[in-house]
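Me: I'm new to this one, and I'd like to know how the labels get decided. Can we go through them one at a time?

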Amino acid sequence: MKITRTAATTAAAVLALSACGSSEDPASDAEPEALDRLEIIAPAAPGSGWDRTARGTQDALRFAGLAKSPEVTNVAGASGTVALSKFAPQKGKEDLWITSGLAMMSGVISNGTEATLDDLTPLARLMGEYEVVVTPTNSPYKSVDDLFAAIKEDPESVAIAGGSVGSADHIYIGLLARHYGVKPADIKYVPNSGGGEATTALLSGKAQAGVSGLSEFAPQIKSGRVKGLLVSSLEPVDGPPFEQTAADVDKSLEFQNWRSMMAPGDLDDALKTQYVETLKEMHGTQGWKDIAAENAWNDNFLAGDEFATWLKEENSRVKEILGELGLAKN
């Protein structure tokens, strides 16, 4: 499918601050050409963090006129690696993006998959999101301290519902377990393909606690269906209340999941530049800012070559962490 060429108009430069404090160079003087069509793969079930990211991007692109008919397709399974295995072989393909992130990176490492993020073209890291630990409102656990005291006494008595094995959810529970003197491998972790399934497991009594991104459990906390025990930020967050922040437990437990957009590998340089500039332009729109605020996402935007360099560093860090948790196979 060819990309429609439109007349360029003058646009303000966009400066995007990354999570590590570096900044992007100003965008080009001209707006990126509108994408004629675009399919965005969400590598998890509807209601998941990846699904919210894909559909938020879809809406922001459409509202800003940066893509005429963006569509989202859900391909769930195995920490996003099912979608990755189908996406990676489509080298050079136009009009196709995939939502990626920490969970997919850890899925590649923990599952030992043949396809890796090295097979893709990095476009931009879009956002970060704090992890949260919740329980049903009638739970006897009033804090994360209470929760892990029970786990330490009898790990089989407490099931924790979260994302796929090796996901950001799983990593964070492993870090909490290590802090409280519990072997991560002893945690009774119940993996799910999306936030909707984890919520169902929690509310049905199949799990005594849940872990996920802030945006996935925020509506349930606000409605009173579940109780927020811990948010992985150092400061209280706007919106739903939590009994503790990471700083209340240990500052080293601050943690953010991140999500990004990638394109197929071996992409034409001009097309790669167009995609990166499109995402830079989207990041500067009020529509994207509103979507990010609604989902409680942190602005960790980083694009192009800077994102590609950071991605390699992050892969080394995650591989080390998963190795310590006994989950690394790749």
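Predicted model: local features only at pLDDT ≥ 70, side-chain atom pairs only at ≥ 80, totals over all residues.

Me: Why is aspartate 59 called partly exposed?

Reply: Aspartate 59 has 24% relative accessibility, so it counts as partly exposed. The range for that label lies between the 20% and 50% limits.

Me: What makes aspartate 59 and arginine 62 a salt bridge?

Reply: The term asks for a side-chain nitrogen of Lys or Arg within 4 Å of a carboxyl oxygen of Asp or Glu. Here the closest N and O atoms are 2.9 Å apart, and the pair qualifies. Both residues lie in helix H1, three residues apart, about one turn of the helix. Helices here are DSSP runs (H or I, at least four residues), strands are runs of E (at least two), and they are numbered from the N terminus. Arginine 62, at 35% relative accessibility, is partly exposed too.

Me: Why would partners sit three places apart?

Reply: An α-helix has 3.6 residues a turn, so residues three or four places apart point the same way.

Me: How many salt bridges turn up in the whole structure?

Reply: A search finds six. One of them joins lysine 280 and glutamate 277, at 3.5 Å from N to O. These two lie in helix H9 (residues 269-283), again three residues apart.

Me: How do you know whether lysine 280 and glutamate 277 are buried or exposed?

Reply: Lysine 280 comes out at 10% relative accessibility, so it is buried. Glutamate 277 has a relative accessible area of 16%, so it is buried as well.

Me: What makes glutamate 314 and arginine 317 a salt bridge?

Reply: Their side chains meet at 2.8 Å, N to O, and the limit is 4 Å. Both are in helix H11, three residues apart. Glutamate 314 is at 6%, so it counts as buried, while arginine 317 is at 37% and therefore partly exposed.

Me: Why is helix H3 described as mostly covered?

Reply: In H3, residues 102-111, nine of the ten residues are buried. Among them are Leu102, Met104, Val108 and Ile109. The cover includes helix H1 (49-63), helix H2 (81-87) and strand E3 (96-101). After H3 comes glycine 112, with a positive phi near 65°.

Me: What makes the phi of alanine 78 worth a mention?

Reply: Most residues other than glycine have a negative phi. Alanine 78 has a positive phi, near 55°. Alanine 78 sits in the loop between strand E2 (70-74) and H2, and at 39% relative accessibility it is partly exposed. Aspartate 266 also has a positive phi, near 55°. Its place is the loop between E10 and H9.

Me: Why is aspartate 266 called exposed?

Reply: Its relative accessibility is 62%, so it counts as exposed, the limit being over 50%.

Me: And how do you know about glutamate 156: buried or exposed?

Reply: Glutamate 156 has 53% relative accessibility, so it counts as exposed. Glutamate 156 is in the loop between helix H4 (144-153) and strand E5 (159-162).

How values were computed:
Residues numbered from 1 in each chain as written. Heavy atoms only, no water. Buried < 20%, exposed > 50% of the residue type's maximum accessible area, 1.4 Å probe, protein only. Contact = heavy atoms within 4.5 Å.
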